[in-house]
Amino acid sequence: SDAIPADLSGNMLARVVSLWRAEDGFRGEFSCVDREIPLGSASLSLIYALFVVEGASSPGVLLHEFARMLKPEGVVLVLSLNPWSPAQFRWLKPPASSSSNRLERLSQEAGLEVMRRQFLGPFWPAGRPANIDPRRHGVADPFRAARLTVLRRREAALTPLRKAVAPVSLRPGMSAG
């Protein structure tokens, strides 16, 4: 995006790569398809997927690509339309990823662990102003416009094993000191 400089200083992000959904893949700094994103393996710390997983022809393949590109302990933020939201009435068909269970199952198959789930966005009850405070939880939360799923690539570290110490056998007349 022109609004965000490519190289940020200090402790901020080192590089921002911006891609958007177009036809059968992504466009932006480069053009690619979901299964062949030309970024190095284990090269990203954060992936922010804003309404792209549900538009993928194969969401599982895209999530595998996300897992491949992430560094160990890297995070994917998946923001998607909530299929239970009344906002869905403005479209004639529901989004492709119609359940959070499906997204979570595909994420786990790709090697990503679900860290958090949260409904976001407005909910407009009749006759009252919109409630958009994400800290407030209520009975209407499952009907908010979007949902956020936070995924993390976990990689089990190797556990060092101690070298077994050979037992010492003492001969008669010897001491351990």
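Tyr48 sits in strand E4. In this predicted model, Tyr48 also belongs to a nonpolar surface patch with Leu50 and Phe51, and the three together have about 300 Å² of accessible area. The protein chain holds two helices and seven strands, arranged from the N terminus on as β-β-β-β-α-β-α-β-β.

**Chain overview**

- Of the 177 residues in the protein chain, 28% are buried.
- The chain exposes about 12400 Å², and carbon and sulfur atoms supply 58% of that area.
- Contacts between residues at least 6 apart in sequence join residues at least 24 apart in 65% of cases.

**Nonpolar cores**

- The largest nonpolar core has 22 residues, and those touching the most other members are Val53, Leu62, Leu63 and Phe66.
- At least two residues of this core come from each of strand E4 (44–50), helix H1 (59–69), strand E5 (70–81), helix H2 (100–109) and strand E6 (112–120).
- H1 gives the largest share of this core, with five residues.
- Leaving aside residues up to four places away in sequence, Val53 touches Pro59, Leu62, Leu63, Phe66, Val78 and Leu103.
- Another core, of five residues, lies apart from it and includes Leu79, Ala146, Leu148 and Val150.

**The E1-E2-E3 sheet**

- An open sheet is formed by three strands in the order E1-E2-E3, with antiparallel pairing.
- Strand E1 (19–22) and strand E3 (32–33) are the edge strands, each pairing on one side only.
- Four bridges connect E1 with strand E2 (residues 25–28) in the antiparallel sense.
- Ala22 stands opposite Gly25, a residue of E2.
- In general, strands of a sheet pair through backbone hydrogen bonds, in either a parallel or an antiparallel sense.

**Salt bridges**

- The count of salt bridges comes to nine.
- Asp34 and Arg21 form one of them through their side chains, at 2.9 Å from N to O.
- Asp34 is in the loop between E3 and E4 while Arg21 is in strand E1, so this pair ties together parts 13 residues apart in sequence.
- Asp34 is buried because its relative accessible area is 7%, under the 20% limit.
- Arg21, with a relative accessible area of 24%, is partly exposed.
- Arg154 and Glu73 form a salt bridge in which the closest N and O atoms are 2.9 Å apart.
- Since Arg154 lies in the segment after strand E7 (146–153) and Glu73 in strand E5, the pair ties together parts that are 81 residues apart in sequence.
- In the salt bridge between Glu104 and Arg117, the closest N and O atoms are 2.4 Å apart.
- This pair links distant parts of the chain, with Glu104 in helix H2 and Arg117 in strand E6, 13 residues apart.
- Glu104 counts as buried at 13% relative accessibility, whereas Arg117 is exposed, with a relative accessible area of 54%.

Terms used
Residues are numbered from 1 along each chain as its sequence is written. This is a predicted model: local features need pLDDT of at least 70, side-chain atom pairs count only at pLDDT 80 or more; totals for chains, interfaces and linings use all residues. Side-chain values use heavy atoms; hydrogens and water are left out. A nonpolar core is a set of buried Ala, Val, Leu, Ile, Met, Phe, Trp, Tyr and Cys residues joined through side-chain atoms within 4.5 Å. Buried means under 20% relative accessible area, exposed over 50%, partly exposed in between (1.4 Å probe, protein chains only). Contact means heavy atoms within 4.5 Å. Patches are made of residues with over 30% relative accessible area and no salt bridge: like charges are joined within 9 Å, nonpolar side chains (Val, Leu, Ile, Met, Phe, Trp, Tyr) within 5 Å. Accessible areas come from the Shrake-Rupley method with a 1.4 Å probe; for residues, only the protein chains shown count as cover. A salt bridge is a side-chain nitrogen of Lys or Arg within 4 Å of a carboxyl oxygen of Asp or Glu. Two strands pair if DSSP finds at least two bridges between them.
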